[in-house]
Amino acid sequence: MGINRKIQTLDEFTIQQMRDFPNATGELSGLLRDIGLAAKRVHVEVNKAGLVDILGDAGTMNVQGEEVKKLDVFANNQFMGVLQHGISCAGIGSEELDDIVVFDDEISAQSKYVCLFDPLDGSSNIDVNVSIGTIFSVFRRVSELGKVATKEDFLQQGINQVAAGYIIYGSSTMLVYATRRGVNGFTLDQSIGEFTLSHPDIKCPETGKIYSINHGNFFQCEEKVQKYVTACQNKTKATGGPYTQRYIGSMVADVHRNLIKGGIFMYPGTLEKPKGKLRLLYECNPFAFIVEVAGGKATNGKERILEIQPTEIHQRTPFFVGSKLMMEEFEKTN
Ligand code: P6P
């Protein structure tokens, strides 16, 4: 007899979560639904990138001074569009936008959330068909509802995030998001065009055997990092190893793998980039929130990522994230 397992879609799941909070307005469910819609549109384009002239650079440079690929632009417009025309978001910050964009229509001004995005992280991998992703972070506004959102709504400590998540466009397309209640993963079922619950209540294994770092930067890293990486390389069966080094240069793919299997991901500060490469607001904060809710840890090498007080939208930070015991072993390295 077949297994009569009710498949729960993302919309059904978020509505169920809302029902558990009688005074919930449904705005967060609506916002996640909007993000899911934009993710499906980006999925379609990412999956045909090799077939149509959407590869290659859009010929412009983003605020980071990096060449912008056409898919970056498309993804940014999709997420900004659904949120601007939705009823749950008062404004966004994005890797692709120099500054925040506040939505000044009457409905959006009443919305109680703002979002920050990396619309297509790892886009340098688009042309070689490596998994890429979207990362998002959701805050409740601190500014007065009814008026347009302000910069302070976006420059909050990561501990204030209401939700955070990512979409990974890989062998399958998955949407993973966390609220304080837990981390849940949804896989896009193309037969019905819906994200369906496939990874309920994700927990980050307390330890693991995977360490992720760009070894090309090894001699540019501080001694603590070099010592920890060397210790990882020297692990044996007797000391909890041997470890495997896995790093594909696409943060969403690397951190997703380590979240599921256990491991540590590191993008330290280097001589060339003392603040590291990754951005606090729309790369490190969301993943720090997700991994902490799942039982792991995330720091900048000295302090908890979620307690850093941001000062600017595109600021960078060294980033260490992963299994609790591996992070504690790194913290104890000196
Ligand atoms: P590197 C991709 O460009 C990205 O922002 C992250 O997705 C990834 O983890 C990192 O940069 C890779 O950087 O310097 O190792 O190539």
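Which residues surround the ligand? In this predicted model, the ligand is surrounded by Asp121, Gly122, Asn214, Tyr247, Gly249, Ser250, Met251, Phe265, Tyr267, Lys277, Leu278 and Glu283. A polar side-chain atom of Tyr247 lies 2.5 Å from a ligand oxygen atom, and an N or O atom in the side chain of Asn214 is 2.9 Å from an oxygen atom of the ligand. For Met251, a backbone N or O atom is placed 2.8 Å from an oxygen atom of the ligand.

Met251 and Glu283, both among the residues around the ligand, also take part in the contact between helices α7 and α8. The axes of α7 (residues 251–261) and α8 (residues 280–293) come within 12 Å and cross at roughly 10°; α7 is therefore roughly parallel to α8. The crossing is right-handed. On the α7 side, the contact comprises Met251, Val252, Val255 and Leu259, which meet Glu283, Cys284, Phe287, Ile290 and Val291 of α8. These residues divide into 8 nonpolar, no polar and 1 charged.

Helix α2 contributes Leu31, Asp34, Ile35, Leu37, Ala38, Ala39, Arg41, Val42, Glu45 and Val46 to the contact, while α3 contributes Leu71, Phe74, Ala75, Gln78, Phe79, Val82 and Leu83. In the contact of α2 with α3, 13 residues are nonpolar, 1 is polar and 3 are charged.

Key: Residues numbered from 1 in each chain as written. Predicted model: local features only at pLDDT ≥ 70, side-chain atom pairs only at ≥ 80, totals over all residues. Heavy atoms only, no water. Axes fitted to C-alpha atoms, helices over the stretch in contact; angles between N-to-C directions. Helix = DSSP H or I, 4+ residues; strand = E, 2+ residues; numbered from the N terminus. Parallel < 35°, antiparallel > 145°, perpendicular 65-115°, else oblique. Left-handed = near helix turned anticlockwise from the far one by under 90°. Contact = heavy atoms within 4.5 Å. Nonpolar A, V, L, I, M, F, W, Y, C, P; charged D, E, K, R; others polar. Near = heavy atom within 4 Å. Polar contact = N/O pair within 3.5 Å; in protein donor to acceptor, adjacent residues only side chain to side chain.
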